[in-house]
Every structure is written in C-alpha cells, then in structure tokens.
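What follows is a short report for a reader who meets this structure for the first time. Please look through the sequence and the structure before reading on.

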Amino acid sequence: MSKQFDVVVIGGGPGGYIAAIRAAQLGMNVACIDEWKNDKGGPAPGGTCTNVGCIPSKALLQSSEHFEQANHHFADHGITVKDVKIDVAKMIARKDTVVKQNNDGILYLFKKNKVTFFHGRGSFVKAAEGGYELQVSGAADETLVAKQVVVATGSNARALAGAPFDEQNILSNDGALRLGAVPKRLGLIGSGVIGLEMGSVWRRLGSEVTVLEGLPTFLGAVDEQIAKEAKKAFDKQGLNIQLGVKVGDITHSKKGVSVAYTNAKGEAQTLEVDKLIISIGRVPNTHGLNVEAVGLQLDERGAIVVDDDCRTNLPGVWAVGDVVRGPMLAHKAEEEGVAVAERMAGQHGHVNFNTIPWVIYTSPEIAWVGQTEQQLKASGRAYKAGTFPFLANGRARALGDTTGMVKFLADAATDEILGVHIVGPMASELIAEAVVAMEFKASSEDIARICHAHPSLSEATKEAALAVDKRTLNF
Ligand code: FAD
Ligand code: NAI
C-alpha cells in the first residue's frame with residue numbers, strides 16, 4: 001500500500017530539510033527521505049553540512065583556535081599556561097556531540113512541523129496518476145506517491161584520477177574531520193575553501209602542512225587585494241601553499257603518501273606526507289535516484305538541470321542546493337528550499353543570487369558579498385573603492401587581532417554598494433551588515449551615516465564606507 005503525500009523531499013541536508021519544514025508550514029502534507037546513517041546505523045539528517053561539512057569543520061576550527069591561542073597568544077595577555085596538550089580523541093568526540101545535537105534538532109523540527117521522516121534511500125519508480133511514485137529502501141521499504149517532488153541530494157567530494165579516497169591515507173572532507181591523531185606531515189591538494197579550513201585546523205594542532213594548488217593565483221574568486229592580504233597571513237602562520245603546480249602520480253605505503261608534482265617553475269618534485277587530503281571541489285550527487293525512470297534531465301557535470309526558479313524539466317519536480325547550478329553553500333541551499341516550498345504553495349518565492357555571502361572560516365576570516373574589483377573592471381563599470389585596516393580599529397587592538405581590512409566598492413555615479421570584502425577578525429559576522437545593505441540597495445554613504453557601537457569591529461565597516469568618500473575619521 002503506497003503512502004500519499006503532497007510533497008516528498010529526497011535528501012535531508014540544508015536544502016531538503018528546510019524545504020520540507022517550509023512546505024509543511026504552508027499547509028502541505030510533507031515527507032522527507034534521507035539516507036545518512038550515524039555510527040550506530042540510525043538516522044543522521046542534516047546532510048553534508050551537519051555530518052561532514054559546515055558544522056564539524058567549525059567545531060574543529062574552534063578547538064584548534066583555542067589550542068593556538070593558548071600556545072602562542074595567551075602570553076601577550078600575561079597568562080602563563082604550561083604543558084598545553086591536545087587530546088585529539090576528546091576534540092573529535094566533542095565535534096561528534098555537536099553534530100549529534102544538530103541531527104537530533106532536525107528530527108525534533110520534523111516532529112514539530114509534522115513532516116514524516118523516512119530513513120533510507122529514495123528513488124524514482126515512475127510517473128504516477130497526479131504525481132510520482134517513489135521507493136524508499138531502508139530499514140523498512142516503503143512506496144510513496146507524491147504530487148510534487150523536491151530533489152535535494154547534495155554533493156560528494158571529487159576524487160583525483162588514480163587516487164581514490166580510502167579515508168585512511170587519502171582523505172576526503174569526511175576522513176579529514178575524524179583523524180585519530182595529529183599527522184606530523186599533512187598534504188592537501190587544492191587551496192580552496194576546504195583546503196584552507198582543514199589545513200588551518202591541523203597546522204594549529206602541530207602538523208607541517210603543504211598545500212598544492214593547480215592554479216597560479218591564490219583564491220581566484222576572491223577580491224585580489226583581500227586574497228593577497230590573506231595569503232600574507234597564511235604564509236606567516238607557516239601554511240606552505242604552493243601555487244601553479246601540476247599533480248602527477250600519488251602512491252601510498254605503510255610509511256605514508258607520496259605525491260609527484262611539477263612546481264610552478266616546471267621542476268619535478270615529490271611531497272612525502274603521512275596523510276593527504278584531496279579538496280579539489282565537489283560533484284553533484286544523483287547516484288541511486290533512478291532519474292532515468294522518469295527522464296529527469298542532468299547536465300554534463302551530472303547536476304540536475306533547473307531554471308532560475310529551481311524547476312526541472314519534469315512538471316512538479318524541483319531541485320535545490322548542491323545538486324543544481326550555483327555556489328555549493330548551505331545558506332544558498334536553504335534559500336532555494338524556502339523559495340521552492342513557497343512556489344509549490346502558489347506564492348512568489350525569491351532568491352537573490354547577487355547577495356549570497358561567502359565566508360572562509362580561517363584565521364583571519366575571509367568574507368565577501370557582491371562583486372570584486374576585478375569583476376567590476378572586467379565589466380567596465382565605473383566604481384569607487386574605500387578600505388579601512390583593522391590596525392586602526394580600537395576593538396581589534398583590544399582583541400589583539402589587527403590583521404586585515406574592510407573594503408567597499410560602490411558605483412561611481414550613484415554610490416550604490418556593489419561589493420564588500422573583508423579579511424580579518426569575525427569577518428563572518430561583519431559581512432551580514434553588508435548583505436542587508438545590498439539587499440536594500442544602500443549607498444556607501446548610508447552605512448557611513450549609521451551609528452555603529454564603539455568599540456566594535458563594525459566601526460571598521462563604517463570607516464571603510466567613509467573611505468569611499470575619502471573621509472575616514474580614524475585613519
Ligand atoms: P547535502 O547537505 O549534501 O545533503 C544531501 C542529503 O541527501 C544527504 O544527507 C544525503 O545522504 C542525502 N541523499 C542523497 N541521495 C539520497 C537518496 N537517493 N535518498 C535519500 N537521501 C539521499 N557551506 C556553507 O555555507 N558554510 C560552510 O561553512 C561550509 N562548510 C563546509 C565544509 C566542508 C568540509 C564541506 C564538505 C562543505 C561545506 N559547506 C559549507 C558546503 C555545504 O555543506 C553544502 O553546500 C550543503 O550541505 C548543501 O546542502 P544540500 O542540502 O544541497 O546537500
Ligand atoms: P574549491 O572549489 O573551494 O577549491 C578547490 C581548489 O582545488 C581550487 O582552488 C582548484 O583550483 C584546485 N584544484 C582543482 N583541481 C586540482 C588539481 N588537479 N590539482 C591541484 N589543485 C586543483 O573546493 P573545495 O575546497 O573542495 O570545497 C568544495 C566546496 O565546498 C566549496 O567550493 C564550497 O562551495 C563548499 N565549502 C564551503 C565552505 C564555507 O562556506 N566556509 C567550507 C568548505 C567547503
């Protein structure tokens with residue numbers, strides 16, 4: 001006997017579980033299917049983000065930052081600590097507890113919002129009268145019929161040809177987040193977001209870290225001035241980032257992993273490490289969905305083809321998050337999930353792709369929204385720029401963290417804010433003001449005229465806005 005729903009969401013990551021909750025809030029009868037298992041085989045909704053992504057990486061970044069502070073910065077405050085040690089097992093157990101709190105939180109939210117949860121793999125069976133028949137394969141097999149389907153099956157780490165992940169020596173983000181000990185020598189391939197965040201965690205804990213990046217420029221998508229400032233800080237910390245390399249054969253034995261590569265000068269090199277993390281991007285995940293049964297269209301990368309509103313080629317089938325085009329970010333997936341639920345309810349869901357913030361949670365943090373200076377130059381748009389260094393900010397001095405700056409880019413004629421770029425302390429929190437400002441089409445003068453609390457890091461944002469008009473007060 002099949003179970004009938006208005007909406008079935010396949011995938012319980014930030015795209016899927018949020019779509020399910022919003023659809024239920026709007027009065028639809030909703031089910032969500034997710035296959036992620038915890039170490040006891042039980043359900044662990046929340047997807048990549050909760051289990052092996054955003055949440056566990058931030059937990060380890062926090063633990064390792066405490067360790068770094070105790071080792072290198074407490075002394076500046078007159079605090080003496082002796083014999084600082086890291087208990088990796090305890091740090092990982094704490095991270096697992098944080099993950100479980102989030103898994104349990106989502107199960108609670110499903111109950112609260114009357115979303116029916118199925119633990120197992122969801123797949124298409126066929127188009128059915130007034131919708132689609134779906135199969136759930138898990139502890140108990142179920143057949144569901146849904147009027148509308150939202151696919152939110154996320155993404156997986158991209159492997160390097162000839163070096164499959166074994167999660168022992170060659171690690172994806174999954175293995176990188178549950179190492180049992182601090183590797184003496186750690187290699188990373190790819191100096192993108194994961195490479196920098198994971199490299200930072202294990203460097204702070206004592207690993208000698210080498211990052212091999214294929215591109216000749218560091219963080220090519222980031223505003224050049226900001227990327228340069230960040231690179232300076234990472235170099236100073238001892239992250240060995242080599243740009244413009246060409247990775248060759250990767251072999252591993254009991255002794256560790258050996259990576260043959262050519263450096264930017266064209267010289268043949270070998271990197272010997274105890275563990276290797278491969279972080280070269282992610283691929284959309286449609287494995288096991290049986291898309292062929294209904295003719296759901298994929299592009300050449302394997303992503304589900306959608307229009308701006310997340311509609312697929314099939315009536316009543318939507319797709320959101322990492323499995324479709326656009327940045328692979330949890331908050332982008334969530335926004336799409338909400339918008340799709342509202343569209344299914346006949347409302348006008350909306351996602352502004354121009355104001356999706358990016359954050360890299362390294363130290364210093366890097367955050368931005370809108371266009372970079374390179375993009376503005378390339379498009380020929382006349383702009384004004386203003387920057388303000390944290391070195392001149394009272395709160396940053398009190399914190400002992402004065403690296404970096406806030407940078408504003410505004411239209412030369414109208415002064416509308418076109419981009420805000422931050423490298424420095426709490427950039428992840430500071431960027432929210434810029435996102436709000438851009439959503440409201442604010443000018444840099446609007447920010448410059450708003451009262452900001454003193455002393456606060458946000459004063460650097462106000463001062464950078466003042467700098468657009470060349471009238472900083474504290475620099
Ligand atoms: P996912 O979170 O991948 O969820 C998909 C879910 O669907 C999974 O639970 C999967 O098991 C399930 N599933 C797949 N196929 C089926 C099926 N057939 N049946 C049933 N279930 C299925 N983004 C940020 O914004 N901020 C960060 O700080 C951040 N940090 C990250 C750190 C790391 C190490 C990684 C790897 C990623 C990070 N991301 C971050 C990216 C973020 O995790 C993703 O963008 C986000 O999880 C995408 O959400 P999603 O719902 O599309 O997919
Ligand atoms: P990424 O796209 O950020 O970086 C991959 C890097 O690997 C690039 O610099 C690329 O040039 C390089 N690369 C690709 N192939 C290579 C090769 N063969 N040899 C050497 N270098 C190579 O991807 P990453 O770090 O794997 O992260 C995946 C995604 O997960 C991110 O793009 C982001 O969407 C998401 N994420 C977001 C986080 C956040 O918001 N703070 C944190 C971590 C991940």
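## How exposure is counted, and a first residue

A residue is called buried when its relative accessible area is under 20%, exposed when that area is over 50%, and partly exposed in between, using a 1.4 Å probe and protein chains only. Asp469 has 48% relative accessibility and therefore counts as partly exposed. This residue lies in the segment after α13 (458-468), where helices (H or I, at least four residues) and strands (E, at least two) are DSSP runs numbered from the N terminus. The side chains of Asp469 and Arg471 are joined by a polar contact of 3.0 Å; such a contact is a pair of N or O atoms within 3.5 Å, of which, within protein, one must be able to donate a hydrogen and the other to accept it, while residues adjacent in sequence count only if both atoms are side-chain atoms. Asp469 and Ser444 are 25 residues apart along the chain, and their C-alpha atoms are separated by 8.5 Å.

The model is predicted, so that local features need pLDDT of at least 70 and side-chain atom pairs count only at pLDDT 80 or more, whereas totals for chains, interfaces and linings use all residues. Residues are numbered from 1 along each chain as its sequence is written, chains are lettered from A and ligands numbered from 1 in the order in which they are written, and side-chain values use heavy atoms, with hydrogens and water left out.

Arg203 lies in helix α6, which covers residues 193-204, and it counts as buried because its relative accessibility is 13%. Not counting residues up to four places away in sequence, Arg203 touches Glu68, Val209, Gln237, Gly238 and Leu239, where contact means heavy atoms within 4.5 Å. With Glu68 the side chain of Arg203 also forms a polar contact of 3.1 Å.

Helix α3 (residues 54-73) packs with α6 at an angle of about 35°, their axes being 8 Å apart; axes are lines fitted to C-alpha atoms, for helices over the stretch in contact, and angles run from 0 to 180 degrees between N-to-C directions. The crossing of α3 and α6 is left-handed, a term used if the near helix is turned anticlockwise from the far one by less than a right angle. Among the residues that make this contact are Leu60, Leu61 and Glu68 of α3, together with Met198, Val201 and Arg203 of α6.

Which order do the strands of the open sheet of 5 strands follow? The order is β7-β14-β8-β9-β10, with parallel pairing, and two strands are taken to pair if DSSP finds at least two bridges between them. The edge strands, each pairing on one side only, are β7 (170-171) and β10 (240-242). Helix α6 packs on this sheet, where it touches β8 (185-189), β9, β10 and β14 (275-278), and its direction makes about 175° with that of β8. Strand β9 (residues 208-212) runs parallel to β10 and is joined to it by 3 bridges, and Thr210 has Asn240 in β10 as its bridge partner.

## Antiparallel strands

Another open sheet has 3 strands in the order β11-β12-β13, with antiparallel pairing. Its edge strands are β11 (246-253) and β13 (268-273), and neighbouring strands are turned by 20° against each other on average, direction ignored. Between β11 and strand β12 (residues 256-262) there are 6 bridges, and the bridge partner of Val247 in β12 is Tyr261.

Strand β21 (residues 417-424) has 8 of its 8 residues buried, so it is largely enclosed by the rest of the structure. Strand β18 (residues 365-370) runs antiparallel to β21, to which 6 bridges join it, and here Gly370 stands opposite Gly419. Strand β20 (residues 405-411) is likewise antiparallel to β21 and joined to it by 6 bridges, with Gly419 as the bridge partner of Leu409. The hairpin of β20 and β21 has 5 residues between the strands, and in it Asp415 takes a positive phi near 70°.

## Gly349 in its loop

Gly349 is found in the loop between α8 (330-344) and β17 (358-360), and its relative accessible area of 13% is why it counts as buried. Leaving aside neighbours within four places in sequence, Gly349 is in contact with Ala339, Glu342 and Arg343.
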